Amino acid sequence: MSPISRATLESLDRNDPLRSFRDKFALPKGLIYLDGNSLGALPSASVDRIRNLVEVEWGRDLIGSWNKNGWMDLQFRIGEKIGRLIGALPGETIVADSTSVNLFKTLGAALRLNSNRRIILTERGNFPTDIYIAQGLADFLGGQHELRLVESDQIESAIGSDVAVLMLTHVNYRSGRMWDMSRVTTLARAAGVVTIWDLSHSAGAVPVDLGHAFADFAVGCGYKYLNGGPGAPAFLYAAKRHFERLAMPLTGWLGHAAPFAFETDFRPANGIARARVGTPPILSLVPLEVGVEIVLEATIAQLRAKSVLQTDLLMRLIAQELHPLGVESVSPADAASRGSQVSLRLPHAWPISQALTARGIIGDFRAPETLRLGIAPLYVGFSELWDTVAAIKDIMISGSWNQPQFLTAPSQVT
Ligand SMILES: Cc1ncc(COP(=O)(O)O)c(C=O)c1O
């Protein structure tokens with residue numbers, strides 16, 4: 001294969017069908033932002049939308065906004081839009097709470113659906129909150145459940161008729177490795193295992209078809225590739241075929257069949273509405289809708305096509321420029337098994353990530369020596385990939401990472 005040059009990447013930028021989408025984001029000029037897998041960029045339209053929400057809807061219309069400005073329906077309306085990105089049928093997705101809380105809710109509901117089994121299966125390398133929520137719920141249920149943690153290559157063989165729930169994150173936060181959802185869900189279904197997929201690193205970045213895979217439940221973050229803003233509410237999907245038997249472990253008043261009847265006893269609402277708990281955070285929901293609409297406009301197929309090309313090129317560039325310096329890509333070489341990020345293993349990853357930040361290139365660091373480069377194809381350009389690799393190379397060769405301001409103790413953000 002011939003070496004990649006900056007000129008090749010510049011020409012890809014010129015011909016990029018998604019190029020104009022970058023202008024929909026208020027990114028600082030000159031900044032290379034490779035952390036959209038952690039916190040998505042700010043859509044410019046969110047600024048006016050939030051101002052109107054605060055000044056007009058809250059400031060002027062006050063409590064009347066719950067009906068007049070559609071606040072009461074917002075969780076469903078945005079849920080429908082996210083549902084289109086993840087292969088849900090209408091009425092199967094809602095926006096509510098955080099991903100952690102939605103994991104608790106779906107895991108509780110899934111265990112009820114399979115109440116004669118006691119094992120929750122997941123991979124050891126899953127995101128910690130997924131594991132902690134399962135540990136906490138198992139403890140809370142009296143210690144009769146077992147959380148079985150296995151290596152990812154052991155998952156398929158661990159699926160068996162003793163397992164109640166298989167809980168996996170579709171795209172791994174550290175390596176970017178992507179499960180074959182359809183294959184794993186089919187295996188689980190054949191063994192009578194209920195599935196929960198965490199789509200935090202998938203929604204808005206890779207095509208997902210929960211319906212086609214016959215997945216039972218899913219959850220995911222609104223603040224990563226969906227660009228909903230820091231701490232944006234999460235989404236929750238439940239397959240319609242479970243609605244009749246769906247019992248959520250958090251039964252708040254908004255999940256009631258008639259919240260404003262103020263009855264003494266809980267009666268679950270029909271369908272996905274029973275996954276609501278309490279009053280939704282309107283100030284955080286509104287920008288999420290803006291972010292999701294941009295993804296829908298770009299189409300997930302176009303986003304995936306660009307992301308695959310970008311992650312492929314980035315991995316080739318890393319091999320070409322950085323391999324001699326001891327840098328390795330740890331993301332899967334096969335695009336079909338890779339989400340929208342490339343992770344590198346390299347010596348001095350923390351001070352190098354700090355030195356990159358000082359040059360206006362934002363990736364992130366995961367202990368002990370991983371540098372994650374998130375590819376949000378809505379706003380990451382091809383030439384930026386070249387500039388990032390060139391900067392890492394220069395920082396390593398010059399040793400400029402070896403300065404007191406970069407040698408601080410690692411700090412982490414999600
Ligand atoms: C796979 C996965 N699940 C869940 C979370 C976080 O969940 P929460 O929004 O509840 O903090 C993250 C955060 O990075 C994540 O990567």
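**Figure 1. The loop that holds P368.** P368 is found in the loop between strand β12 (364-366) and strand β13 (370-374). Helices (H or I, at least four residues) and strands (E, at least two) are DSSP runs, numbered from the N terminus. A cis peptide bond joins A367 and P368, with omega at about 0°. This is a predicted model, in which local features need pLDDT of at least 70, side-chain atom pairs count only at pLDDT 80 or more, and totals for chains, interfaces and linings use all residues. Residues are numbered from 1 along each chain as its sequence is written, and side-chain values use heavy atoms, with hydrogens and water left out.

Figure 2. L62, which is not a glycine, has a positive phi near 45°. This residue lies in the loop between α2 (44-58) and α3 (65-68). L62 counts as partly exposed because its relative accessibility is 49%. F262 is likewise not a glycine, and its phi is positive at about 50°. The loop between β8 (235-238) and α10 (282-298) contains F262. F262 counts as exposed because its relative accessibility is 60%. Buried means under 20% relative accessible area, exposed over 50%, and partly exposed in between (1.4 Å probe, protein chains only).

Figure 3. Of the 13 residues around the ligand, S100, D198, H201, Y223 and K224 come nearest; a residue is near if one of its heavy atoms lies within 4 Å. An oxygen atom of the ligand is 2.7 Å from an N or O atom in the side chain of H201. A polar side-chain atom of K224 also lies 2.7 Å from an oxygen atom of the ligand. On its own the ligand has 400 Å² of accessible area, of which the protein covers 89% (Shrake-Rupley method, 1.4 Å probe). Two or more residues of the shell come from each of the elements α5 (99-113) and α6 (128-140).

**Figure 4. Helix α6 and its cover.** α6 has 13 residues and reaches 18 Å from its first C-alpha to its last, close to the 18 Å expected at 1.5 Å a residue; the expected span is 1.5 Å times one less than the number of residues. The buried residues of α6 are T129, D130, I131, I133, A134, L137 and A138. An α-helix has 3.6 residues a turn, so residues three or four places apart point the same way. The cover of the buried residues of α6 includes α5, β3 (119-123), β4 (146-150), β5 (163-169) and β6 (194-198), where contact means heavy atoms within 4.5 Å. Just after α6, G142 takes a positive phi of about 100°.

Methods
A polar contact is a pair of N or O atoms within 3.5 Å; within protein, one must be able to donate a hydrogen and the other to accept it, and residues adjacent in sequence count only if both atoms are side-chain atoms.
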